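Colleague: I am new to this one. Could you take me through the terms as we look at the model?

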Amino acid sequence: MPTHKEVKLAHYVRIVVMDLSRLDGLRGCGGAGFPAAFKWNAVRDEPLVGTPEMGGGKVIVCNADEGEPGTFKDGWLFREQPEVVLRGMQRAAEFAGAARGYVYLRPEYVDQLESLKTAIASLVASGILSEGSGALWAGAGFAGRPAKPHDTGLDDVALSALDWFVEHGAKGLQGSKTEHGGLATGHAFGEGLAFPLTPRRSDPVEPASETGFAFRVDICIGGGAYICGEETALLESMEGRRPQPRHKPPYPTQAGLWGLPTLMNNVETFWWAERLLSGEFEGEGGTHRLYSLSGDVNQPGVYEAPVGITAQELVDQFGGGVKDGAEVSCWIPGGAATGVLPGSLLSTSLSSKGLKEVGTAPGTAAVVIFAKRDPRDVAANIMQFFAQESCSQCTPCRLGCRAVASWLSGSTAFPDADTEERWLESMELGSICGLGFTAPLVLRLWRRWFSESGVVV
Ligand code: SF4
C-alpha cells in the first residue's frame, strides 16, 4: 500500500505517452519561432528537482505578455477561446509531468482576465484542472519604463504597444488605453490580486476528478514592461525581481521558474498544440497562423490564414483592402521587431523563406499597413520604442537603441558608414537578449530598401 506521500509524488511524476508527431512543423508563435515539440520533449526529459513537498516538480508557463507593437492575436484568443489554450497547457503538463501551470498575463488585458478566470472555473468544474486553480498575483516589471515617460532623453516617445493598437486601427480589440500608453497597474484588476508576490508554492495539488491528473493553473499579472515578453525576463518578473533577461544557458527548460524545469510557450502556440493534438485542426502544424492585421486597412482584426499567403492577399482577402484605395507607403511584416518594408514588396510571401529573402522574419505575424506614413518616421518610432523598453543591462543595447532612434528621427546626424556598422555589430554581438540583437535589423532593413528621399527598389 503506497503512503500518502508516495501517491502525491506519483501525481507529480506521472507522464502520459503522447504522440507528438502532430506538432512537427509547429513553431512558437511569440516571435522567436522555436520548434514547439523540442521544448516539450526537453522538459519531459529533465529530471525532477526536489520533491513536491519541497516545491519541486516541473512547470508550464503560458506567455501572454503580448507586447509586440501591432500584435493582438493572443488577446483575441483569451477573449474568444481561453479553454482551448488551457487545454493545450493541460496536455503539455500531462506530457511533461508538470503539476503546476501559470498564465503570465499582460496587465492591460482586463477583459481577457475575466474570460480566463471563467474558463479556469469551468475546467475545474468539469474535472480537467485541479481544485484551487485560478489564484492571482502580480509580477514585478517596470524595468523598461522610466519614472517619467520623457526621461529618456529622446523627443516625446510617441509609441507604446497599446498606443500602436489604438492609433492604427485595432480599436475595440484591446483594453482601455492608460495615461502613459499601455502601462496599467494592478488597480485595474480589483479584488483577489495578491500583494506582495506569492512565493514559490509548495502546497499539494490534488488530482482533477475527470483526468485523474494533478494540474493546477494560476494567473500572474505582468508588470507592464515590454521586456517581460522575453521568457527569462518574464520568469524574473514572476519571481518578484526586476525583469532583466537572464544569461543562457541554463535554458528555462533546464532551470526556469524557481529553478524548476519550465515549459514556456506563447498563447497561440498552446492553442495550436491543442487543436493539432485533439485532431480539431486536420492540417499539418505550422501551415497556418493567426495574423494580427492592422493599420490602414478597412477591416483590421485577427485572421487565420496559410503561412504562405502574401501580404497583399492578406490585405485584400481578409482586410477588405487598403482604406480609401490608397497606395501603401510601407508596412511591417511581423511586429515592430521585424522592421519596415516598402509597399512595393507587398507581394512577399509571409513565410520564413519569403521574408528571409527580403531581409526579415515572420515574427509574431503582426502585419501593419501604412498608406501615408513616412517609412523613416515609422522606423524611428520603432527604435524609440525599443530605446524606451530596453531593460538597460547591456551597454550596446541601452546606448545603441537610443543612438539609432536619434539618427533615424533626425535628432542627430548619422555617423560615417564604418562607425554606424560598428554600432550595429556591437548591438548584435554584445546584447543578452533578442531586443538588443534584433533591433539593428530596423536600420539595416531601412538602409536596404529605402533612401533618404524614398523607396529605392
Ligand atoms: S539586450 Fe537590451 S533588453 Fe535585452 S537584456 Fe540587454 S539591455 Fe536588456
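Modeller: A definition to begin with: Ala, Val, Leu, Ile, Met, Phe, Trp, Tyr, Cys and Pro count as nonpolar, Asp, Glu, Lys and Arg as charged, and the others, Gly among them, as polar. The model is predicted. By that scheme, the shell around the ligand divides into eight nonpolar residues, six polar and one charged.

Colleague: Which residues come nearest to the ligand?

Modeller: Cys-391, Cys-394, Cys-397, Cys-433 and Gly-436, of the 15 residues around the ligand. Two or more residues of the shell are given by each of α12 (395-409) and α14 (434-438).

Colleague: Why do you say that the ligand lies between domain 1 and domain 3?

Modeller: Because domain 1 (4-278) and domain 3 (375-455) both give residues to the shell around the ligand.

Colleague: What makes α4 oblique to α5?

Modeller: Helix α4 (residues 82-96) and helix α5 (residues 110-125) pack at an angle of about 55°, and their axes are 9 Å apart. Angles under 35 degrees count as roughly parallel, over 145 as roughly antiparallel, and 65 to 115 as roughly perpendicular; the rest are oblique. That makes α4 oblique to α5. Their crossing is right-handed.

Colleague: In the open sheet of five strands, what makes β8 and β10 stand at the edges?

Modeller: The order is β8-β7-β11-β9-β10, with mixed pairing. β8 (301-306) and β10 (341-342) each have a single partner strand, so one side of each is left without a neighbour in the sheet.

Colleague: In which sense do β7 and β8 pair?

Modeller: Antiparallel: strand β7 (residues 288-295) and β8 are joined over six bridges. Pro-306 in β8 is the bridge partner of His-288.

How values were computed
Residues are numbered from 1 along each chain as its sequence is written. This is a predicted model: local features need pLDDT of at least 70, side-chain atom pairs count only at pLDDT 80 or more; totals for chains, interfaces and linings use all residues. A residue is near a molecule or strand if its C-beta atom, placed from the backbone, lies within 6 Å of it. Helices (H or I, at least four residues) and strands (E, at least two) are DSSP runs, numbered from the N terminus. Domain bounds come from an automatic or database domain assignment. Two strands pair if DSSP finds at least two bridges between them. Axes are lines fitted to C-alpha atoms, for helices over the stretch in contact, and angles run from 0 to 180 degrees between N-to-C directions. A crossing is left-handed if the near helix is turned anticlockwise from the far one by less than a right angle, and right-handed if clockwise.
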